[in-house]
Amino acid sequence: MPKSKYEDILRDIQGDIISGKYRAGDYLPSENEYARKYGCTRNTIRRALNVLSEDGFVIPQHGKGVQVIPNDFSNRNVFTAGGIESFAEAANRIGVTVVTKVISFQKKICDHTTSNMTGFDEGSELYDIERERIVSGQRIILDHNIFLAAETPGLTAEIAERSIYQYLEDTLGMVITTSRRMVTAERAARRDMETLDLGTYDFVLVITGQVFNSKGIMFEYTQSRNRPDKACFTETAVRKRRH
């Protein structure tokens, strides 16, 4: 099934939860009901429900079905901490329209300082990209992405304005497997004030991360600087029972 069909199903079910059609404590229709409604397999529906569970919207109840759990994401952008998801995918998932503006795109050689910051080897050829993420006319995220050129050949500013991950996966055939991310709060720097519409905020939420492909190669280092009232980073965890 095409990826766009799967995304449509996911957004549809999520929209029903956000709109209040299904409230906390309610059970969603069964996989069979959804499969008939969307004309797809139960595996596709199960995939969508698994994502909703990972994002904290629902919880599977053995023998009963999938239950909606309390959540209040209000008008924030919802990203999954530790997950591997492009900004375009996240925006599509939560149903917001965004504009990406590339403000800097250059190819450079990794020096000692950059190597210490990113983990790339000195002398490696890199793509160094800065992008503003604009939602409802407001610049709310400044992304600084550094890609290993050997693993991301042909990357351009035009691709960066659309979706880099789509290019890597669909055009280059890369399999993206693992990410490590850290979320911190930092006082806004001058660059933040120049590139973000911070209003009265004097700090930003910062996600710093490294992403690896199926060959075990780190191909991306990123630092995403977010206006605090428009960011909500969620992770759903399950406690393992002790034996």
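For what follows, a helix axis is a line fitted to C-alpha atoms over the stretch in contact, and an angle between two axes runs from 0 to 180 degrees between N-to-C directions. The model discussed here is predicted. Two packed helices are described by the angle between their axes and the distance between the axes.

**Packing of H2 and H3**

- Helix H2, which covers residues 31-38, packs with helix H3, which covers residues 42-54, at an angle of about 110 degrees, and their axes are 9 Å apart.
- Because angles from 65 to 115 degrees count as roughly perpendicular, H2 is described as roughly perpendicular to H3.
- The crossing in which H2 passes H3 is right-handed.
- On the H2 side the contact is made by Glu31, Asn32, Tyr34, Ala35 and Tyr38, and these meet Arg42, Ile45, Arg46 and Leu49 in H3.
- Sorted by class, the residues in this contact of H2 with H3 are five nonpolar, one polar and three charged.
- A network of salt bridges links Glu31, Arg42 and Arg46.

- Asp128 counts as buried at 6% relative accessibility, whereas Lys108, at 24%, counts as partly exposed.
- Glu130 forms a salt bridge with Arg191, and here the closest N and O atoms are 2.6 Å apart.
- Glu130 lies in strand S5 and Arg191 in helix H8 (residues 190-195), so the pair ties together parts that are 61 residues apart in sequence.
- Glu130 is buried, with a relative accessible area of 15%, while Arg191 counts as partly exposed at 35% relative accessibility.

**A salt bridge between two loops**

- The side chains of Glu151 and Lys215 also meet in a salt bridge, at 3.0 Å from N to O.
- Glu151 lies in the loop between strand S6 (138-148) and helix H6 (157-162), and Lys215 in the loop between strand S8 (203-213) and strand S9 (218-226), so the pair ties together parts that are 64 residues apart in sequence.
- Glu151 counts as buried, at 14% relative accessibility, but Lys215 counts as exposed, at 59%.

Terms used:
Residues numbered from 1 in each chain as written. Predicted model: local features only at pLDDT ≥ 70, side-chain atom pairs only at ≥ 80, totals over all residues. Heavy atoms only, no water. Helix = DSSP H or I, 4+ residues; strand = E, 2+ residues; numbered from the N terminus. Parallel < 35°, antiparallel > 145°, perpendicular 65-115°, else oblique. Left-handed = near helix turned anticlockwise from the far one by under 90°. Contact = heavy atoms within 4.5 Å. Nonpolar A, V, L, I, M, F, W, Y, C, P; charged D, E, K, R; others polar. Buried < 20%, exposed > 50% of the residue type's maximum accessible area, 1.4 Å probe, protein only. Salt bridge = Lys/Arg side-chain N within 4 Å of Asp/Glu carboxyl O.
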